[in-house]
Amino acid sequence: MHKVVIVGAGQAGYQVAASLRAKKFDGPIVILGEEAALPYQRPPLSKGYVKGEAKESTLLLRAADFYVTNNIEIRLDCRVAALDRGARQVVLADGERVAYDGLVLATGGRVRTIPVPGADLAGVLYVRTLADAKTLKPQIEAARNVVVIGGGFIGLECASVASVLGCKVVVLEAMERLMARVVSPVLSDYYRDLHRSRGVDVRLGASVTEIVGESSRVTGVRCGDGTTVPADLVVVGIGIIANDDLAKAAGLTCDRGIVVDACLRTADPDIYAIGDCATFPHPMADGLVRLESVQNAIDQGKTVADAIMGDAKPYAAVPWFWSDQYEVKLQIVGLTSQYDDTVTLGDVASGKFSVLYFRNGGLIGIDSVNMPSDHVAGRKLFGAGKSISAEAARTPGFSLRAHV
Ligand SMILES: Cc1cc2nc3c(=O)[nH]c(=O)nc-3n(C[C@H](O)[C@H](O)[C@H](O)COP(=O)(O)OP(=O)(O)OC[C@H]3O[C@@H](n4cnc5c(N)ncnc54)[C@H](O)[C@@H]3O)c2cc1C
């Protein structure tokens, strides 16, 4: 393959380019990115960066000279508007065409916006990009009443930051428990109690009907029960939508993301898709999955670089993820969505515990709260293809580390 074009200058797009050069790929590499910034890490945007602990300069994955030294052409503020698969070209927003031999779609996702009246008022913010976080940071510092809509990872991380910064915080979550899509009730309840113990008003089963304001600026959030929660800042964290529009318009199969095979290739042999935008088969999953994690973006970037170098292998990296709220670190390994049984190790009340998830008696994932050694043991265990039965995990004195 001679020339590789990568659409999306994020975590996954950067990784393909860096891995290709590390593997001595000597053809042209072009990264086309819609944002103004060089590829950067997103996790700090809802953590250290908004809290004021991480400077913008520390977010970059690599400084500008990396791309020069490695002969990687990176074009920022550059949106790809269409794919012309027949001509093997991408079409930029200004009509310019860029030819490719191999194309990697690493377009990530965009925030799901809240479809209620008042959603466009000033002070209703989202956190996906550095530009979003730059807008949010001074507003969260100045805010008194913050309403967070959505009790998922990003919403709760923002709630913890706002609370630490001295704001009065209300979290409105539509489901009956926090992070319900991804964690077990033990975790949901632990995090509900943690946030409440820090003064955050966590309201479950709360629907939002309207965002109200004065002089175009938000003043409150109206809920389905008729109450209005005062707010001078609203942070919405209700998930993302995969950026699969380019692929869809070019006739590639999409299913809540760009569908790829085990080697991350679309039905077009010249086009791969990776990271948050890709829907793929995984040996630990039933059917196709789409993951939103740094680990997945990095490991898929490496897998595609290998494939381009002629060493295609099925993608099988063990999924893992983390979330920081206050001083509490949650680490997740495996794919837990279809569990039918759980075992809790350690003492939930002490804030140091792990929840093991099982399906049909076999271990499928582990969530660890302030238990990094369990997380590391879990990664080694899954990496080695080992399992543990729920029965064994229930044995008194059971230790994950002893099974690695
Ligand atoms: C606030 C926040 C906190 C997070 N915290 C964690 C965490 O704690 N742990 C964790 O594992 N993960 C976390 N994540 C998720 C993680 O950052 C993502 O999974 C990861 O960035 C995905 O990388 P990606 O390259 O697939 O997508 P992205 O990083 O989103 O990059 C995609 C890029 O493609 C660009 N693009 C899209 N369409 C086009 C187009 N048509 N033309 C040109 N460019 C285009 C986009 O502008 C974007 O820059 C967090 C995400 C956010 C937003």
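Q: Let's start with Asn370: how exposed is that one?
A: Asn370 is partly exposed, because 17 other C-beta atoms lie within 10 Å. Here buried means 20 or more other C-beta atoms within 10 Å of the residue's own, exposed means 12 or fewer, and partly exposed is in between, with C-beta atoms placed from the backbone.

Q: Before I go on, what kind of model is this?
A: This is a predicted model, where local features need pLDDT of at least 70, side-chain atom pairs count only at pLDDT 80 or more, and totals for chains, interfaces and linings use all residues. Residues are numbered from 1 along each chain as its sequence is written.

Q: OK, back to Asn370. Where does it sit?
A: In the loop between strand 26 (362-369) and helix 9 (372-383). Helices (H or I, at least four residues) and strands (E, at least two) are DSSP runs, numbered from the N terminus.

Q: What about Ser215, what's its phi?
A: Ser215 also has a positive phi, near 50°, and is not a glycine. Ser215 is in the loop between strand 13 (208-214) and strand 14 (217-223).

Q: Is Ser215 buried or exposed?
A: Exposed, because Ser215 has 7 other C-beta atoms within 10 Å.

Q: Switching to Tyr49: buried or exposed?
A: Tyr49 is buried, since 25 other C-beta atoms lie within 10 Å. Tyr49 is part of helix 2 (residues 48-51).

Q: What does Tyr49 touch?
A: Leaving out residues up to four places away in sequence, Tyr49 touches Pro44, Ala54, Leu59 and Ala133. Contact means that the C-beta atoms of two residues, placed from the backbone, lie within 7 Å.

Q: How far is Ala133 from Tyr49 along the chain?
A: They are 84 residues apart along the chain, while their C-alpha atoms are separated by 7.9 Å.

Q: Now the big picture. Which domains is the protein divided into?
A: Domain 1 (4-110 + 240-308), domain 2 (113-236) and domain 3 (327-403). The bounds come from an automatic or database domain assignment.

Q: How far apart are the centres of domain 2 and domain 3?
A: 30 Å, taken over C-alpha atoms. Their contact takes six residues from domain 2 and eight from domain 3.

Q: And the ligand, which residues are closest?
A: Gly8, Gly10, Arg42, Gly108 and Gly275 are the closest of the 35 residues that surround the ligand. A residue is near a molecule or strand if its C-beta atom, placed from the backbone, lies within 6 Å of it.

Q: Where does the ligand lie relative to the domains?
A: Between domain 1 (4-110 + 240-308) and domain 2 (113-236), because both give residues to the shell around the ligand. Helix 1, helix 8 and strand 22 (320-325) each supply at least two residues of that shell.

Q: How do helix 1 and helix 8 pack?
A: Helix 1 (residues 11-22) and helix 8 (residues 294-308) pack at about 40°, with their axes 8 Å apart. Axes are lines fitted to C-alpha atoms, for helices over the stretch in contact, and angles run from 0 to 180 degrees between N-to-C directions.

Q: Which residues of helix 1 make that contact?
A: Gln11, Ala12, Gln15, Val16, Ser19 and Leu20, and among their partners in helix 8 are Val294 and Ile308.
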